[in-house]
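Visitor: I would like to go through this model with you, one question at a time.
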Amino acid sequence: MLDFTHSRRSFLRSCAVGVAGLLVSGTVSHSEGLLAATGLPGPEDPEVPNEEVARILKGLFGDRPIKRGHVSLDMPAVAEDGRVVPVIIESDLPMSKEQYVKDVHLIVDHNPDAHLAAFHLTPALGQVSISTRIKMKRTTWVRAILETSTGEVWAAYAHVNVSLNGCG
C-alpha cells in the first residue's frame, strides 16, 4: 500500500511556500493588472503628448488648473480588443442647483479624434455615473476630465495597453 499522506503534505507545503513567494515578490497583488493605473496627484500625471491634445485642453479649460481627484476612471489595464473598451466614470462631487458637474470630457491621447466624448449634465441627474464603451487606436493615456458649474476642473487618468487596434 502506498502512503499518500506524506506526498500530499509535501505538495501542499510547497504550494503554500510558492504562493507566499509570489505575494512577497509582487508578482501577484490584490488588483494589479485588472484596472488601469490611476495613481495619485503628482509627477505621474501624464504629459500632454501632442499639439492636438494641448489645443483641446486649452480650448475646453483655458488656463484653469486641472486637479486630480473627485473622479474615478475605471478601465481595463489591458484592452484585448481596441474596438470595444469599457469605461466607467464616476464622481463624488455634489449635484445640487448651487454646485454640480456640468461637463465630463473623455480624451484619448493618441486616437484619431482625441476628444472622444463630451457629456453635458444637469443637477437633475443626481450623481455622476457614466458607463460606456470606446474605441482605442493604440496603447495610450485616457483622461476623464470634469468641469463644475463653479469652474473647477478635476481629472483622473488611466494608461491602457491595447492589444488589437480598434480604429481604422
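Visitor: How many bridges join strand 2 to strand 4?

Guide: This is a predicted model, in which local features need pLDDT of at least 70, side-chain atom pairs count only at pLDDT 80 or more, and totals for chains, interfaces and linings use all residues. Residues are numbered from 1 along each chain as its sequence is written, and side-chain values use heavy atoms, with hydrogens and water left out. Strands are DSSP runs (E, at least two residues) numbered from the N terminus, and two of them pair if DSSP finds at least two bridges between them. Strand 2 and strand 4 (residues 85-91) run antiparallel, and the bridges joining them number four.

Visitor: Which strands stand at the edges of the open sheet of three strands?

Guide: The order in this sheet is 2-4-7, with antiparallel pairing. One side of each edge strand is left without a neighbour in the sheet, because each has a single partner strand; these are strand 2 (71-74) and strand 7 (128-134).

Visitor: Is threonine 140 buried or exposed?

Guide: Threonine 140 lies in strand 8 (residues 140-148), and its contacts (heavy atoms within 4.5 Å) include Val108, His110 and Val160, leaving aside residues up to four places away in sequence. Buried means under 20% relative accessible area, exposed over 50%, and partly exposed in between, with a 1.4 Å probe and protein chains only. At 3% relative accessibility, threonine 140 is therefore buried.

Visitor: Where is confidence lowest in the protein?

Guide: The pLDDT, the predictor's confidence in each residue from 0 to 100, averages 82 over the protein. Strand 5 (residues 101-108) has the highest mean, at 98, whereas the lowest, at 49, belongs to helix 1 (residues 4-25).
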